[in-house]
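Dear colleague,

My notes on what was found in it follow directly after.

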Amino acid sequence: MEEHSKVSVVVCSTYDEEIVYDAVCKGIDALGGIGKFVSKNESILVNPNFLKTADVSSAVATHPAVLKAVLRLLWEYGCRKTVYGDSPGNGTGARVADKLEIDRSEPIYGAEFVPMTKEVRTEFPDGMTEKEFYFAEEVTKADSIINVCKMKTHALMLITGAVKNPFGLICGHRKAMQHVKYPNASLFARMLVDIHRCVPLRLHIMDGIVAMEGNGPGAGTPRPMNLLLFSTDPVAIDTIFCHLIGIDPADVPTNFQGDAMGIGTMDKSKIDILLTDESGTHPEDFDQFCEKYEAPDFNTICTKAHPEFKGLKLIDKLSSRPVINKKKCVLCGVCVDHCPVPGKAVTFADGRDKPPVYDYSKCIGCFCCQELCPQKAIEVGRR
């Protein structure tokens, strides 16, 4: 009998901490309980999405209520060597946590915040695309990792979720170099999948209570989806997200490559959904579930092109590109500072008193500028 991937989905419409904790417990219990994924004596790293400094209400980061629920569950199970953290591309995880009003001075259910700023070179000879990574030191010390991602759109990958979030395990200053090394979406996705193949990711949890639509992953609009998703298969989780918002899962490079490289499936006939709603926990038909909870007007903004062709010049010229909204730009220069292209694809070519200017002949379409702009002044345009 062909093995299927199980995804537990819990309907939850609030970030009330007690209600979220109950939802997380039910979601993980439906998969066999937390003891199926971790041992009490293990060193555990919980990795939320701390993309950049932003208000809780913006839906940029994993909501603290979801993070706290996971840490509480681990504590109550008996895990005493748990830490949490992420390494954003701009700024520090500490600054993000502070903005989210997470108190780092005291452990959360015994879990210490870790800065994830010191990198350790990790060889990966079995990598299909990447043979070495520069992970944060805490990653190399972890026996198991729990990925607590956020349901969001993404300019380069169409969506960001369970497959992409572990990019946060790589030290922030190293991220731009990875974009230069893998300058199209398909290659970049293969590198992301190799992260999953390299580190002990045991469980994936997606915060979709309030998702982000539009100009994601850092400048979009909050959109209630009222769902939490749980699985050992990150591709299956992201595939469900795609079906809910009307994207073909095969158009998402991380899904396409994740399936091809063996970390999960995007074939809905091989995904079993266990739904927890007001009637309890029960198996749910895939199509019926998506029909019930779909958001057909969800703003995905991005060009849909088959991931195998993302690197071709013809498709590249038809695809999306970053565009600066001059009315929102405050001349901070974050986009210029974080452009990974040698010689910079965006510069203050017209002077420091005017908005930066793109040289699209150099632009690799990594959208680091759009992702990190603190003013949400960079939008996704068309070539």
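**Backbone exceptions**

At 29% relative accessibility, asparagine 226 counts as partly exposed. This residue of the predicted model is found in strand β10, and the phi of asparagine 226 is near 60°, a positive value in a residue other than glycine. Leucine 158 likewise has a positive phi, near 75°. Leucine 158 lies in strand β8, residues 158-160, and is buried, with a relative accessible area of 2%. Proline 217 is placed in the loop between β9 and β10.

**Helix α2**

Does the length of this helix agree with its residue count, or disagree? Helix α2 covers residues 64-77, and at 1.5 Å a residue its 14 residues should span 20 Å; the end C-alpha atoms are 20 Å apart, so the two values agree. The helix is mostly covered, since 10 of its 14 residues are buried. The buried residues are Pro64, Ala65, Val66, Leu67, Ala69, Val70, Leu71, Arg72, Leu73 and Leu74. What covers them includes helix α1 (17-29) and the strands β2 (44-48), β3 (82-84), β7 (144-154), β9 (201-213) and β10 (221-231). Just after α2, glycine 78 takes a positive phi of about 120°.

**Helices α7 and α8**

The axes of helix α7 (residues 234-245) and helix α8 (residues 253-260) come within 10 Å and cross at roughly 145°. The crossing in which α7 passes α8 is left-handed. On the α7 side, the contact is made by Val235, Asp238, Thr239 and Cys242; on the α8 side, by Asn255, Gly258 and Asp259. By class, this contact has two nonpolar, three polar and two charged residues.

Aspartate 238, found in helix α7, deserves a separate word. With a relative accessible area of 0%, aspartate 238 is buried. Which residues does aspartate 238 touch, not counting residues up to four places away in sequence? They are Ile159, Gly161, Ala162, Val163, Met206 and Asn255. The C-alpha atoms of aspartate 238 and glycine 161 are separated by 6.0 Å, although the two residues are 77 residues apart along the chain.

**Cysteines**

How many disulfides does the structure hold? The count is zero. Cysteine 198 is in no disulfide, and the nearest cysteine sulfur, that of cysteine 171, is 14 Å away. At 22% relative accessibility, cysteine 198 counts as partly exposed. Cysteine 242 is also in no disulfide; in this case the nearest cysteine sulfur belongs to cysteine 290, 10 Å away. Cysteine 242 is buried, with a relative accessible area of 0%, and is one of the α7 residues that make the contact with α8.

With kind regards

Methods:
Residues are numbered from 1 along each chain as its sequence is written. This is a predicted model: local features need pLDDT of at least 70, side-chain atom pairs count only at pLDDT 80 or more; totals for chains, interfaces and linings use all residues. Side-chain values use heavy atoms; hydrogens and water are left out. Axes are lines fitted to C-alpha atoms, for helices over the stretch in contact, and angles run from 0 to 180 degrees between N-to-C directions. Helices (H or I, at least four residues) and strands (E, at least two) are DSSP runs, numbered from the N terminus. A crossing is left-handed if the near helix is turned anticlockwise from the far one by less than a right angle, and right-handed if clockwise. Contact means heavy atoms within 4.5 Å. Ala, Val, Leu, Ile, Met, Phe, Trp, Tyr, Cys and Pro count as nonpolar, Asp, Glu, Lys and Arg as charged, and the others, Gly among them, as polar. The expected span of a helix is 1.5 Å times one less than its number of residues. Buried means under 20% relative accessible area, exposed over 50%, partly exposed in between (1.4 Å probe, protein chains only). A disulfide is a pair of cysteine sulfur atoms within 2.5 Å.
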